[in-house]
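I opened a notebook on this structure to record what I looked up. The entries follow the order in which I went through them.

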Amino acid sequence: MKIEIVKDKEEMARYISDYLVTEISNRTTLNLGCATGSTFEEVYHRLVEAHKQKNVSFSHVRTFNLDEYLDISDEHPETYKNTMERLLFNHVDIPTHQRHFPPSDEHAEYDAYDEFIRAQGGIDIQLLGIGVNGHIAFNEPGSSFTSKTHKVALSKSTRKANARFFDSMSSVPQYAITMGIQTIMNAKSIVLAASGKHKAKAVKHMIEGKIDESLPASVLRRHDDVTVVLDNAAAKHLKEG
Ligand code: F6R
């Protein structure tokens, strides 16, 4: 696990977006695993700027989002699909048919998403945030390390953390579809980002604690190409060096 500690959230976004722009520019195809949440908002903003100001083309990029809410209408501005459109897709040249989300209708075979990703050549770079409880995507504590894309009931702490995007706690969705932990571990490389002191405990366990299903992100230490980008606040509990 490679660990990069930067000053603040802005530097974190710069580090990740510079890396992505380099990869997007150097490759003829790129399968990018996308995360939503506040951690990546500035990263997407910078990608849009790179497209507009430096003519960086995204036409060969295929995206695979980590997760999507279930009990929410398609028109709701906070679906992850609508969020991605607002932040990135409406402003860059990724063709519509190259943007993918986990199947979210009630009778779908959710793990078909794993097969689909594999058939597309697998994910080259997976972007990940981390929850205050150590979740990755919506794999909450206790999720199996061998899970594929599946339906989850969101934990109280995750619903509380996401309530800021909704009018009230009762309108925060209760269910979501998420890539499983195995789905994520199948990615060729992973970039996990965390900023803010509220993430510091989960970050410490991920890096220094036991590799255990009680803290889903700890599994990433078993992957051989993971970069963790932290700001000082998120890194504050880590041992020196
Ligand atoms: C979002 C996702 C979540 C977030 C995590 C951190 O697609 O899968 O796991 O990455 O909850 O969220 P923020 O970035 O809002 O702190």
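This is a predicted model: local features need pLDDT of at least 70, side-chain atom pairs count only at pLDDT 80 or more; totals for chains, interfaces and linings use all residues.

Entry 1, a loop residue. I began with Thr 39, which counts as buried because its relative accessibility is 11%; buried means under 20% relative accessible area, exposed over 50%, and partly exposed in between, with a 1.4 Å probe and protein chains only. I found Thr 39 in the loop between strand E2 (30-34) and helix H2 (41-54). Helices (H or I, at least four residues) and strands (E, at least two) are DSSP runs, numbered from the N terminus. Leaving out residues up to four places away in sequence, Thr 39 touches Lys 9, Met 12, Ala 193, Ala 194 and Lys 199, where contact means heavy atoms within 4.5 Å.

Residues are numbered from 1 along each chain as its sequence is written, and side-chain values use heavy atoms, with hydrogens and water left out.

I traced seven strands in an open sheet with parallel pairing, in the order E1-E10-E9-E6-E2-E3-E5. Two strands pair if DSSP finds at least two bridges between them. Strand E1 (2-6) and strand E5 (99-100) are the edge strands, each pairing on one side only.

How many of the residues of E9 are buried? I counted six of the six, so E9 is largely enclosed by the rest of the structure. Ser 189, Val 191 and Ala 193 lie on one side of E9, and Ile 190, Leu 192 and Ala 194 on the other. In a regular strand the side chains alternate between the two faces of the sheet. Four bridges join E9 (residues 189-194) to strand E6 (residues 125-128), and five bridges join E9 to E10. Val 191 is the bridge partner of Leu 127 and also of Thr 227 in E10. Leu 128 stands opposite Leu 192.

Helix H7 (residues 200-208) lies across E1, E9 and strand E10 (226-231), at about 150° to E10; axes are lines fitted to C-alpha atoms, for helices over the stretch in contact, and angles run from 0 to 180 degrees between N-to-C directions. In helix H3 (residues 80-87) I listed Tyr 80, Asn 82, Thr 83 and Met 84 as the buried residues. They pack against E2, H2, strand E3 (61-65), strand E4 (67-69) and helix H5 (156-162).

I took a salt bridge as a side-chain nitrogen of Lys or Arg within 4 Å of a carboxyl oxygen of Asp or Glu. By this rule the count is 12. Lys 81 pairs with Glu 85, their closest N and O atoms being 3.6 Å apart. These two are four residues apart in helix H3, which means a separation of about one helical turn. Asp 124 is buried at 12% relative accessibility, whereas Lys 188 is partly exposed at 45%.
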